[in-house]
Amino acid sequence: MKALTVKWSGKEYEVEVDEENMTVKDFKDAIEKQTGVRPLRQKLLNLKLKGKLPDDETKMGALGLRPGTKIMMIGSLESSVAEAQRIPENLPPVINDLDIEEEEVAIENRSEYLQKVEKRVKEYKVKMLNCMRPGKKLLVLDIDYTLFDHRSTAETGAELMRPYLHEFLTSAYKDYDIVIWSATSMKWIVEKMKLLGVSNHPDYKIAFYLDSLAMITIETQKYGVIEVKPLGVVWGKYEHYTQQNTIMFDDLRRNFLMNPQNGLKIRPFRQAHLNRSTDRELLRLSHYLEDIASVEDISALNHSKWEHYRKEGYN
């Protein structure tokens, strides 16, 4: 017997597997007992046999899975559409952005945090996916609630993808190299980018991914220790990218506390089933990126007023 972990709708479920006797169908039945998702609704993303999805009669032992392997599942409950659209009650607490504002200047310049950034520069290994392009600015993107509703349930990744994602990335790629930075493991970043069709899209390319190991911890007076995404890790590794030519989109403002002038807080994309028809955030942000592409120092802009830039302009 070995235990496999199934990750679904923001939670993890441990499933015991008898490799000699258990089939893929039996495995799906075991998942249903814990999650309530019927086997016909389950899509197990990284359950593969020779690069293909195994049929239901395949023995689990034939898949060569190691103990502790995590299987990412997409699937909908049958109970009701409302349940599929519901925001789970156990969402992690979101820090009030305004409460942290007064600490920003002190945080970004504190020597102990800058030393942590230097350590990441030296020790964190980046796997380049595509070459940097001279003359291009840098766009750093979060995944969860920025490009993808990772809490709602669905049968396919396309249902949870933020509207206009590919159009946005295609437009941005004209002027920006693109990096994905998520506060999760590299394994899940790779899986999500495949799921969304981002990793192999013909109209744009991703320079590289950064995961939670590239983040650092800082301490705030009100909320204690939190993790953030310091862009200095990128700037320290690649001199081509600087404070002047980098912008980061994230639904959590705390993630760019170490570089507040480079962060743009995007509206979170939740309840995908309800909001797919009305969400235009990426479409409008693509216009903003296009408008500021010729600005020499984009860190000098007030990105919190991005919606007014095209109409009014500002310094």
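Biologist: Which aromatic cluster does Phe208 form with other residues?
Modeller: This is a predicted model: local features need pLDDT of at least 70, side-chain atom pairs count only at pLDDT 80 or more, and totals for chains, interfaces and linings use all residues. Residues are numbered from 1 along each chain as its sequence is written, and side-chain values use heavy atoms, with hydrogens and water left out. Rings of Phe, Tyr and Trp (its six-membered ring) pair if their centres lie within 6.5 Å. The one cluster here is Phe208, Tyr238 and Tyr241.

Biologist: Why is the pair Tyr238 and Tyr241 classed as it is?
Modeller: Planes under 30 degrees apart count as stacked, over 60 as edge-to-face and the rest as tilted. The ring centres of Tyr238 and Tyr241 are 6.4 Å apart and the planes stand at 75°, so the pair is edge-to-face.

Biologist: Where does the charged end of Arg133 sit?
Modeller: A charge sits over a ring if NZ of Lys or CZ of Arg is within 6 Å of the ring centre and within 35 degrees of the ring normal. At 3.7 Å from the centre, the charged end of Arg133 sits over the ring of Tyr173.

Biologist: Which residue lies over the face of Tyr145?
Modeller: The charge-over-ring rule applies again. At 4.5 Å from the ring centre of Tyr145 lies Arg270.

Biologist: How many nonpolar residues are in the lining of the largest cavity?
Modeller: Ala, Val, Leu, Ile, Met, Phe, Trp, Tyr, Cys and Pro count as nonpolar, Asp, Glu, Lys and Arg as charged, and the others, Gly among them, as polar. A cavity is a set of points on a 1 Å grid over the protein atoms alone where a 1.4 Å probe fits but cannot get out, and lining residues have an atom within 4 Å of a point. The lining includes Arg133 and Tyr173. By class it has one polar, three charged and, as asked, five nonpolar residues.

How values were computed. On a 1 Å grid over the protein atoms alone, a cavity is a set of points where a 1.4 Å probe fits but cannot get out, and a pocket is an open set with protein on both sides within 12 Å along at least five of seven lines; lining residues have an atom within 4 Å of a point.
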